[in-house]
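Dear colleague,

Please find below the structure that I am handing over to you. I would be grateful if you would read the notes after it with the coordinates open.

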4 protein chains.
Amino acid sequence: MELKEERIVALLHGKDRAGIVARVSGWIYARGGNILHADQHRDRQEGIFFQRLEWIPAGDVSEEMRLFAEFAEKDLEMQATLSRSSHRPKIAVMVSKFEHCFGDMLLRCRSGEINCDISLVISNHEDLRGLSEMFGLPYHCIPVSKENKPEAEAKELDLIGKSGAELVVMARYMQILSPYFLDNCPAPVINIHHSFLPAFAGANPYNRAYERGVKLIGATAHYATKDLDEGPIIVQKVATVSHRDNVDDLKRKGRELERESLAQAVRLHIESRILTYKNKTVIFD
Amino acid sequence: MELKEERIVALLHGKDRAGIVARVSGWIYARGGNILHADQHRDRQEGIFFQRLEWIPAGDVSEEMRLFAEFAEKDLEMQATLSRSSHRPKIAVMVSKFEHCFGDMLLRCRSGEINCDISLVISNHEDLRGLSEMFGLPYHCIPVSKENKPEAEAKELDLIGKSGAELVVMARYMQILSPYFLDNCPAPVINIHHSFLPAFAGANPYNRAYERGVKLIGATAHYATKDLDEGPIIVQKVATVSHRDNVDDLKRKGRELERESLAQAVRLHIESRILTYKNKTVIFD
Amino acid sequence: MELKEERIVALLHGKDRAGIVARVSGWIYARGGNILHADQHRDRQEGIFFQRLEWIPAGDVSEEMRLFAEFAEKDLEMQATLSRSSHRPKIAVMVSKFEHCFGDMLLRCRSGEINCDISLVISNHEDLRGLSEMFGLPYHCIPVSKENKPEAEAKELDLIGKSGAELVVMARYMQILSPYFLDNCPAPVINIHHSFLPAFAGANPYNRAYERGVKLIGATAHYATKDLDEGPIIVQKVATVSHRDNVDDLKRKGRELERESLAQAVRLHIESRILTYKNKTVIFD
Amino acid sequence: MELKEERIVALLHGKDRAGIVARVSGWIYARGGNILHADQHRDRQEGIFFQRLEWIPAGDVSEEMRLFAEFAEKDLEMQATLSRSSHRPKIAVMVSKFEHCFGDMLLRCRSGEINCDISLVISNHEDLRGLSEMFGLPYHCIPVSKENKPEAEAKELDLIGKSGAELVVMARYMQILSPYFLDNCPAPVINIHHSFLPAFAGANPYNRAYERGVKLIGATAHYATKDLDEGPIIVQKVATVSHRDNVDDLKRKGRELERESLAQAVRLHIESRILTYKNKTVIFD
């Protein structure tokens with residue numbers, strides 16, 4: 001379903017109040033807009049209203065976006081994030097040595113399955129330079145040690161800032177980003193990590209999951225936030241394992257989950273399908 | 001596939017050594033036995049061999065069982081657990097107020113889907129007496145408080161001992177069994193509990209999972225063991241959730257997972273499909 | 001979240017038009033109603049609008065229902081189905097010899113997990129009378145043969161009509177209902193059957209699936225409709241199988257899927273979460 | 001777990017007989033071999049025995065392989081397929097215009113996740129030449145029409161034959177291979193296609209699945225065989241869908257399933273984990 005006409009996507013959230021859906025759709029219809037999708041959610045405990053709207057405006061797209069933002073903020077007292085369907089955002093990808101998530105992101109961005117352009121790749125190792133360059137991408141190797149971490153992060157932030165990236169994807173980047181980095185990063189950061197039932201903090205989690213004899217392994221894609229050890233969860237996936245699976249099988253299944261979860265999380269973000277609040281997400285998929 | 005002839009099921013485990021499969025199957029064939037199923041596993045890290053065998057013996061069943069046990073222990077230096085297909089074990093079920101797991105167990109045992117008889121029901125509440133009596137089962141209400149816990153557990157152990165139960169099923173029994181109970185219980189104990197990614201210890205886990213915005217909820221059926229806060233895992237299941245699910249939806253999906261996981265774990269145990277070692281399980285399903 | 005106040009649930013559908021959401025929520029708010037849930041869907045290809053609303057009215061419940069129905073039909077030109085939360089509908093259950101789905105329905109209706117009362121059980125066999133009577137339900141055995149089918153169905157329809165059942169659940173009832181029956185049945189009919197990839201029509205599908213070496217088996221719960229060999233699909237579930245599973249394992253896994261799928265489909269129907277159109281369903285879960 | 005020592009993998013099958021496991025493991029142990037994995041299966045209905053063995057031989061690998069093959073065929077009267085862990089087979093990939101499966105195969109073969117080399121790419125279109133050449137692979141575009149099909153297939157067979165490919169992977173190659181092709185292809189062929197419950201033969205299956213309102217979509221990876229419309233099934237996967245998913249969502253989810261199913265099927269084949277018989281598979285995973 002290729003749509004030629006440009007669409008506006010709005011993500012709205014704020015204090016829930018009577019008649020909000022009526023007012024929003026009324027505003028769009030009154031200006032001749034054609035609503036394609038409208039999904040809303042109310043957190044009744046918190047009294048917050050969330051909405052994702054996708055519509056074809058009758059008038060000039062930029063002008064309609066400006067007016068809608070004004071309407072949302074002034075009349076509705078809601079926060080609004082707006083984007084237009086023709087916009088193809090840039091992203092920065094951070095990697096270390098594992099290539100499974102990175103390769104998958106390269107292909108999906110290249111094919112347009114995820115509608116964004118990778119503008120730069122940052123790594124603390126040289127290992128993935130070859131793959132990155134096959135896809136014609138600038139690869140910045142910035143080794144990180146205990147000693148140089150502040151300078152390394154400053155360089156990373158500088159590169160990200162200059163690139164115009166609207167999202168940073170940690171595709172198995174094996175360094176912990178400091179609170180300083182997360183505070184100063186000009187774009188949201190999506191991270192992927194394994195997850196187990198029960199949880200295994202620390203080193204070699206697959207070995208420990210194997211020793212514990214778990215029957216499920218998982219992966220979690222989430223926003224990285226400085227105030228919490230783990231930010232809002234976007235996607236979680238699991239796979240069944242049995243005593244027949246050795247540690248290598250667990251790792252292989254884990255890679256599959258990481259690949260799928262990260263790709264899905266990035267796509268949802270790029271398509272403006274995620275709203276975050278109180279350390280969690282509303283996902284309009 | 002109704003099999004008229006009686007079968008022997010053996011669970012074997014011990015130090016792995018060359019030619020063990022050959023010796024076991026050789027022994028059975030030499031005595032005219034017909035092997036129906038043979039599944040084995042090696043933990044190469046630990047050097048342990050595991051096998052489940054199901055066969056129709058040519059000779060007298062009891063005699064063949066005795067001889068095989070002797071062969072396994074003396075010749076193979078392996079531990080062997082033997083059962084015969086005509087044996088329908090008794091189990092004890094412990095419940096509190098939730099009926100979803102209990103009702104499901106009642107039906108599955110009654111229909112023979114799980115090949116055992118519930119010989120008694122123990123509860124710390126009166127709530128499920130009616131349901132229990134509909135199925136013609138003796139229901140023992142033993143209230144438990146901080147003060148009377150030792151006496152209450154002694155009574156429970158006495159009832160379980162006299163019942164001849166070969167397995168105790170905690171079908172959402174909401175008391176923690178003491179190390180004394182687990183040490184003195186004449187039968188293994190299977191328990192079921194919810195599980196989340198990340199884990200939420202303490203009260204109201206579904207509320208906390210909701211607040212955290214998890215995308216998966218789970219249930220884990222495991223053996224209860226005194227030395228560990230959580231014994232060998234038998235079954236784990238998960239269900240996806242979204243922001244559309246409120247706390248009640250999470251609980252409803254959780255009940256479904258608990259029901260299925262507990263039923264599957266009990267069936268696997270009753271069919272002699274589980275071997276435990278080093279706080280984990282090998283499951284020949 | 002036990003709600004004391006009575007709620008109204010409305011299912012609306014009809015020709016999509018501008019501002020419909022605004023008008024519906026506006027109407028409820030104007031009359032002091034408090035909307036708890038509102039989920040909507042548009043089939044853009046067909047130009048149809050669907051909505052499920054759940055609200056606490058300010059005024060008299062019956063009067064508000066009457067007025068809303070009038071508003072929906074006259075002002076909106078939409079079809080509306082209304083129910084109130086205090087209403088606990090009656091259902092009729094049809095069974096043959098398999099008890100897994102039936103037993104599960106008995107427990108879920110008894111516990112209130114599915115908010116309905118089984119008012120009668122109809123079977124073409126005597127096998128499940130005992131189970132039915134344990135739960136205190138009237139059991140009508142109406143044998144069906146090629147010769148007596150019209151009379152048998154007439155009796156069934158008569159019993160269903162007199163029972164006041166608002167839903168008929170075929171819990172593995174192994175007779176095909178005639179077009180006459182489906183035309184004259186005063187309540188919708190939900191059926192459950194196995195499903196495979198690829199499909200195996202005819203006798204012994206599990207044997208044929210085993211012979212074909214499928215890696216998945218499934219179950220489908222759907223409305224039975226006379227004009228089509230299979231009506232609108234409500235729930236589909238699958239389980240993985242391997243060469244390790246024999247025909248009995250396939251059947252056991254199939255029973256599990258049938259149980260879950262049927263229970264979920266009946267719950268969704270009873271909670272007024274299903275709208276059907278053009279031989280398919282919109283499900284507000 | 002990187003193993004330096006070379007391993008032999010044997011796939012055995014033939015008429016089941018008493019003591020076969022004992023004889024096979026006995027043979028290996030007698031020659032000083034160290035069995036790493038041994039998985040077996042019996043189809044009791046058909047009286048066929050299957051085994052996958054992986055071991056480190058004490059002697060010269062080639063000689064041990066020759067002797068084992070002789071032992072299997074002469075002494076056991078079984079068919080044996082043998083491979084060595086250091087062997088990295090070549091494969092041919094056939095594509096049309098869709099890139100999701102192809103790109104995924106490119107990455108997995110490049111990274112060694114699937115232990116094979118793509119020796120050539122054949123397509124009936126030019127679309128994927130760029131991607132293929134990024135990975136340094138020879139790309140042969142052979143357009144196919146009704147008229148030239150025999151010559152086109154002859155060219156394809158010639159290229160495959162000369163390439164030394166041991167497997168042909170149809171990564172969404174949208175032409176039906178003729179019986180002649182399948183008869184004369186020097187290597188087995190793995191294909192991937194969508195699958196639905198119920199099945200939708202013919203054009204635009206996703207549109208028809210959408211119209212039918214299915215709640216699940218699936219993909220099946222299988223061997224292509226000339227005598228049957230669909231050969232032995234290797235992998236089947238499904239994803240849930242709802243009324244919220246439009247045709248494009250179904251297609252996107254379908255791509256995900258195709259990608260994963262095909263990658264898994266090819267890996268299983270390359271690791272010698274699949275035995276086929278009577279149009280089905282035994283998979284030692």
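This is a predicted model: local features need pLDDT of at least 70, side-chain atom pairs count only at pLDDT 80 or more; totals for chains, interfaces and linings use all residues.

Chain B can be superposed on chain D by a turn of 180° with a shift of 0.0 Å along the axis, and the RMSD is then 0.0 Å. The two copies are thus related as by a two-fold rotation axis. Within chain B, the residue that comes closest to this axis is B:Ala22, whose C-alpha lies at 1.7 Å. Of the interface residues of chain B, 100% are also interface residues in chain D, so the copies meet through the same surface.

Interface between chains B and A

The size of an interface is often given as the accessible area lost when the parts come together. Between chain B and chain A, about 2,900 Å² is buried, and carbon and sulfur atoms give 48% of this area. On the chain B side, the residues that lose the most area to chain A are B:Leu197, B:Arg212 and B:His243, which together account for 24% of what that side buries. Chain B contributes 35 residues to the contact, and chain A contributes 35 residues.

Two packed helices are described by the angle between their axes and the distance between the axes. Helix α3 of chain B (residues 100–111) packs against helix α3 of chain C (residues 100–111) at an angle of about 150°, with the axes 10 Å apart. As angles over 145 degrees count as roughly antiparallel, α3(B) and α3(C) are therefore roughly antiparallel to each other. The crossing of α3(B) and α3(C) is right-handed. From α3(B), the contact is made by B:Gly103, B:Asp104 and B:Leu107, and from α3(C) by C:Gly103, C:Asp104 and C:Leu107. By class, these residues are two nonpolar, two polar and two charged.

Helix packing within chain D

In chain D, helix α7 (residues 205–212) and helix α8 (residues 247–270) pack with their axes 9 Å apart, at an angle of about 120°. The helices α7(D) and α8(D) are therefore oblique to each other, and their crossing is right-handed. On the α7(D) side the contact is formed by D:Tyr206, D:Asn207, D:Ala209 and D:Tyr210, while α8(D) supplies D:Val247, D:Leu250, D:Lys251, D:Gly254 and D:Glu258. Five residues of this contact are nonpolar, two are polar and two are charged.

With kind regards

Terms used. Residues are numbered from 1 along each chain as its sequence is written. Chains are lettered from A and ligands numbered from 1 in the order in which they are written. Side-chain values use heavy atoms; hydrogens and water are left out. Axes are lines fitted to C-alpha atoms, for helices over the stretch in contact, and angles run from 0 to 180 degrees between N-to-C directions. Helices (H or I, at least four residues) and strands (E, at least two) are DSSP runs, numbered from the N terminus. Angles under 35 degrees count as roughly parallel, over 145 as roughly antiparallel, 65 to 115 as roughly perpendicular and the rest as oblique. A crossing is left-handed if the near helix is turned anticlockwise from the far one by less than a right angle, and right-handed if clockwise. Contact means heavy atoms within 4.5 Å. Ala, Val, Leu, Ile, Met, Phe, Trp, Tyr, Cys and Pro count as nonpolar, Asp, Glu, Lys and Arg as charged, and the others, Gly among them, as polar. Copies are superposed by least squares on the C-alpha atoms of residues with pLDDT of at least 70 in both. Buried area is the accessible area (1.4 Å probe) that two parts lose on being put together, summed over both.
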